[in-house]
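Dear colleague,

I am handing over the structure that you will find just below, with the sequence beside it.

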Amino acid sequence: MSPRLPRSRSARRTPRATAFAAALLLALAGAPAAWAAPGPEEFGPLPPHNPFTGPQGSATMHGDSGSSDATPLPGPGDGPLTSTRTALQSACPTVLVGSDGYPVALCTPILGQVPTVHLLDPATGRSLTSLKIAKGSLLGGVYAYLDEQDRLVAVDGERALLRIGHRRTAGGDWELYVARSLSLRDAVPEGDAVTGLSPDWQGRVWFATGGGTVGTADDATGTVRTLALPDGEEVANSISTAPEGTAVSTTHATYLLTAGADGTPRVAWRQEYDRGPGRKPGQLSWGTGSTPTFFGPTTGTDYLAYVDNASPTVSLQVRSARTGDLVCEQPVLRAGGSGSENSPIGVGRSVFVAGTYGYPYPKLPEGAGPSVPADARFRGGLSRVDVRADGSGCDLRWENDTRSSAVPTLSTADGLIHTVVRRPLIPGTDTTSPLDPYAYVQLDPATGREVRAHHLGVGSLFDTLQMVGNFAPGGVVYQGTITGVVRISAR
């Protein structure tokens, strides 16, 4: 099986979550497992709050602009758990919650695949109003964030940087509207599309395209500056920002970039990683599957973490955020098939890596190429790695066989890891089927053990497709699926 060759810079990147097959209509009721609080482990600090994003923990897909995948908000507390599903006939990978408590979801319908923004009712999760934006690469409609005014910042299919606000009309109804727009046509090559975006501490919006262009945009002044990364390097995940700079992982290397006085990006450091012989099954590109994660015990952004694509066993790479020097290279996910499409959790001195090796995506991006090997079972797995207190290296603390079907999140408020797992239809097996049951679970980060679970439903309607859940005040979790959004809370 030959590996995929790098595509040209102008090749169009097709969305990760487009063209889903029609979902099955089965759902089963299930009783929640008994609550067994482990006693929270202390974690922190989180990355500093970016003043140009909304609330810490809920304004970006990965919790904050540093992509820690950790939140200061608690998940559902004591009492029986309940969940309700809002059917939107759309894949909804992005659900963000602003300072006013209203969730904003960016979804792509199964039919037509025109990205649509939904404003959700915080009490019920139902859609209050919606707004369609120009169709293009879904990755431009996946990685978005809320700014300090709770406006959704995204790039549409016409390569326009949008800020989408919500408000009440004179008649009392809700509406979504484009508050500001800036064309990136001169910066983003024809046929290319923005993959990730995040603001820096000066208010500039950093963006990266699938074809390897990195840029900054000031939509107040209209200033846009770009830098072309080396030919053949693609960006298949989002980007992260911290006071140290902007982290971008391509299909070959990880970068820290800073900006000159006029906003022009420049490389502070670049480190190649082992990308393996080809795309692994359960991954969507040939290279790291990680949005790079800032974390650390002192400033919250001391280190940068990502997972390579080495074969047969991937390694967690931890580097100094400031210099790029290697802190450790720790093999992870050794038991269940070693590969990850997910951003790691990083908080304090701890990193948690979820395995996606063999995950049965219903469709792959255009140009993804064959996987090496051609197929594999989805066995799951979660690894915890701790950086030593003196920074001299890392230690593998534990590994388990959790079959996470979403990007896990750690709450520093309740001291638990929250995710959705895909149970096998036949207990004790490692097969997957269209009838698999899905459950929201809470894990003890000290041991990796599951301490609480709530059945969500059965079948493709509930497939969370390695998407990220997000937290809202009051112990509410919103989880996107390939057909809508599930709202999870305690009764």
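The structure holds six cavities of 30 Å³ or more, where a cavity is a set of points, on a 1 Å grid over the protein atoms alone, at which a 1.4 Å probe fits but cannot get out. Grid points are joined across faces, edges and corners, and a volume is the space filled by probe spheres set on the points. Please keep in mind that this is a predicted model, in which local features need pLDDT of at least 70 and side-chain atom pairs count only at pLDDT 80 or more, while totals for chains, interfaces and linings use all residues. Residues are numbered from 1 along each chain as its sequence is written, and side-chain values use heavy atoms, with hydrogens and water left out.

The second largest cavity has a volume of about 110 Å³, and of the 15 residues that line this cavity, T60, M61, L197, S238 and I239 are the closest to its centre; a lining residue has an atom within 4 Å of a point. Strand 11, residues 194–199, gives the most to this lining, with three residues. By class the lining has seven nonpolar, seven polar and one charged residues, where Ala, Val, Leu, Ile, Met, Phe, Trp, Tyr, Cys and Pro count as nonpolar, Asp, Glu, Lys and Arg as charged, and the others, Gly among them, as polar.

The largest pocket has a volume of about 270 Å³, a pocket being an open set of points with protein on both sides within 12 Å along at least five of seven lines. This pocket is lined by 15 residues, of which R379, D401, T402, R403 and P424 lie nearest its centre, and its lining divides into three nonpolar, five polar and seven charged residues.

As for the whole protein, there are zero helices and 34 strands, counted as DSSP runs numbered from the N terminus (helices are H or I, at least four residues; strands are E, at least two). The C-alpha atoms fill a box of roughly 60 × 55 × 45 Å, taken along the principal axes. Of the 491 residues, 62% count as buried, with buried meaning under 20% relative accessible area, exposed over 50% and partly exposed in between (1.4 Å probe, protein chains only).

Some details of the backbone also deserve a look. Most residues other than glycine have a negative phi, and most peptide bonds are trans. A cis peptide bond, however, joins G44 and P45, with omega about 0 degrees, and P45 has its place in the segment before strand 1 (70–71). The peptide bond from V372 to P373 is cis as well, with omega near 0 degrees; P373 is found in the loop between strand 24 (350–354) and strand 25 (382–387).

Which residues other than glycine have a positive phi near 55 degrees? D69 has such a value and lies in the segment before strand 1, where D69 counts as buried because its relative accessible area is 1%. Q113 also has a phi near 55 degrees and sits in the loop between strand 4 (103–109) and strand 5 (116–120); with a relative accessible area of 22%, Q113 is partly exposed.

With best regards
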